[in-house]
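Here is a friendly tour of one protein model. Have a look at it first, and then we will walk through a few of its parts together.

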Amino acid sequence: MIAYPDSARFSAVPKTNALYAIRIAVLPLVFAVVISLFGVMNAGADDPPQLEDPAQPAAPPQPAEAAQPAETPQPMAPADPAAAAPAAAAAQLPKDFRGDGFYLSWIKVIACWLVFLLWVKTTDWVSTDGQEFKQDFIRWNPIVFGTFFGAFLLTWIIPFFWLAFPLLLLAYAVPLTVYIVQRNANLEHNQRVLTPEHLRFWAATRLNKMGMKIQAEKADPHETGPPVKVFAHGGPDEATNNARLLMARQSPGLRTAREILADSLASRASALMLDYTAQGATIRTMIDGVWIPRETRARDVADPALESLKLLCGLNPQDRQSRQEGAFAAEYESARLTAAFASQGTQTGERVLIQFEEKKIRIKSLDALGMRSKLKEELQQSLNAKQGFVLLSAPPGGGLRTTTDVVLQTCDRFTREFAAVEEESNRYEDVENVPVTTYKAADGQTPNNVLPKFFRTEPDVAVIRDLVNAETVSLMCEEIEDGRLMISTIRAKDCAEALLRGLALSVPPEGFARSITAVLSQRLIRKLCEDCKEPYAPAPQVLQQLGIPEGRVQAFYRPPQPNADEHREPCEKCGGIGYYERTAIFELLTVGDAVRRVLTENPKLEPLRQAARKDGMKSLQEEGILLVAKGVTSLPELMRVLKQ
Ligand SMILES: [Zn+2]
């Protein structure tokens, strides 16, 4: 998407240069002095017609008067614009307004004044813009300043307004135009100004502010990423944050840092990693759980960018060795998010990890998570049972929190009493009608400290997500025998491992085997991009290996293959990655006799897996192959996910 700079960008460089101060303070003074001393811009030969007295149309032009100094012995008070008031009043006089020192044609004066104000504004812009985009502002400032200043003085000396005024306009417009033309030539498309796209953006943003909805930009994903606004976030107070932001803005690398951040956020990255070595800074972004390499930046641009980010986080930019941690905030597409920053020296240089705050994704149903309807029905049977133990599992970072939230959302929490136990510093998102009792791990507490009282409230369903010790599980198993349902979570790669990890807490196997009713395990898998996936015919032996009967599947799909003969623009939707967003594959074990027997007799991974299959479980691999056959994902992606 093209994003054009807005006014906020121009504030990135503080307006503290001397030229700015001179323009603001001195020029109005000069202006007033010149007016009073010369008073040349009089109502002479080229008087505006509306000021002429219609009764005396024959009044002859008096050009000589123009060059004469003021005849009045008491010229207008210099340096005080308020003195203009009587003169303005005099200009309204229909007759004899040239007398007594009121020489000025105020329409002309105001015309020049407006050009002057316009010039102050744009000259200041040239100064800040030149600094921000490194456009040799040392050279350009005197050019835009000096040319106009000279012409401005000339305007008061040249007796012919219609010669002097166009000269003034030219002296204003020509250097500015030349500056804009050369800066536009040096800069990237989205940084240019006064292009048709920029004007449209400019107009649209202003009209939108007034409540009119106009599309501010035309989408063009091949353009460089839109700018991101950054803010200091981690400081103890507002003043510290402001100081950090100012320091970062004054550092030269903030622009590059924002470019890198914008590029990451535009590609939906959840994290960004920069590896600084002698050769350059390698950049990778985490997209849908996979590190994707981005362009490598040269050290002379990447180092200042890191310095800016460290300043923004209140860290020491000179320290490239110790571990430093901080935070900042960024605004991208009108949404503000926080980012955690960490840097650490490595053997080859320095590594920087920026983790963006996760977007809250509101998934409401198991279907939306990607669960097949058959599995869903089977799971709901276990969840609706009066008693039992349902264990939910996933590898770390595998979306367990989301799935558990959705499972609770889909449970009937209105005819049954739900209650949850959570650790105070690790609270989960509140689910309606699930009251939470907390314990404090920091004070050495475990769920056991609160469970006896908790169970006295007689919940039908107890949600104890973190199984921390054997006592907790044993207590839960006892309660199950009294006719309650327990829902718990555990970090594990598959159902068999989840069971073993439960046992590994030193729970008596018999009680555990008797209580456990269902285990759900999940893996997140990337979906092929619907805009660019390509069909291909899988080899017959591959189909055979996957256990797919011949003729059942016509085509598998994969990301677009690189083609040496043909240059293709990367896909707009996925940025050329070939995958877009993720879904989950589920393995659901409804525990039967086979698994119960193995749990008590031979609790090991392989025997448990075999027993699970005997009890009717489809493995993650089998569930994944279904997705490959449907064209939702690719075979290599499934292999990658199963290897985790
Ligand atoms: Zn695509």
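Predicted model: local features only at pLDDT ≥ 70, side-chain atom pairs only at ≥ 80, totals over all residues.

The notes below cover confidence, a sheet and a helix.

The protein averages a pLDDT of 81, and 80% of the residues score at least 70.

**Where to be careful**
- Residues 40-91 keep a pLDDT under 50, and the model has 76 contacts for them beyond four places in sequence.
- Residues 216-225 are also below 50, with 26 contacts in the model beyond near neighbours in sequence.

- Seven strands form an open sheet in the order 1-5-6-7-2-3-4, with antiparallel pairing.
- Strand 1 (229-232) and strand 4 (290-293) are the edge strands, each pairing on one side only.
- From one strand to the next, the twist averages 25 degrees.
- Strand 3 (residues 281-287) is joined to strand 4 by four bridges, and the two run antiparallel; here Thr285 stands opposite Ile292 in strand 4.
- Helix 11 (residues 299-312) lies across several strands, including strand 2 (271-276), to which it runs at about 125 degrees.

**Helix 13**
- The twelve residues of helix 13 (residues 373-384) reach 16 Å from first C-alpha to last, close to the 16 Å expected.
- Which residues of helix 13 are buried? They are Leu379, Ser382 and Leu383.
- These residues lie on the same side of helix 13 because they cover an arc of only 100 degrees around the axis.
- Ser373, Lys374 and Glu377, on the other side of helix 13, are exposed.
- Among the elements covering the buried residues of helix 13 are strand 8 (388-394) and helix 14 (400-410).

Note on methods: Residues numbered from 1 in each chain as written. Pairing = 2+ DSSP bridges. Axes fitted to C-alpha atoms, helices over the stretch in contact; angles between N-to-C directions. Contact = placed C-beta atoms within 7 Å. pLDDT = per-residue confidence, 0-100. Expected span 1.5 Å × (residues − 1). Buried ≥ 20, exposed ≤ 12 C-beta atoms within 10 Å, placed from the backbone. Arc of directions from axis to C-beta.
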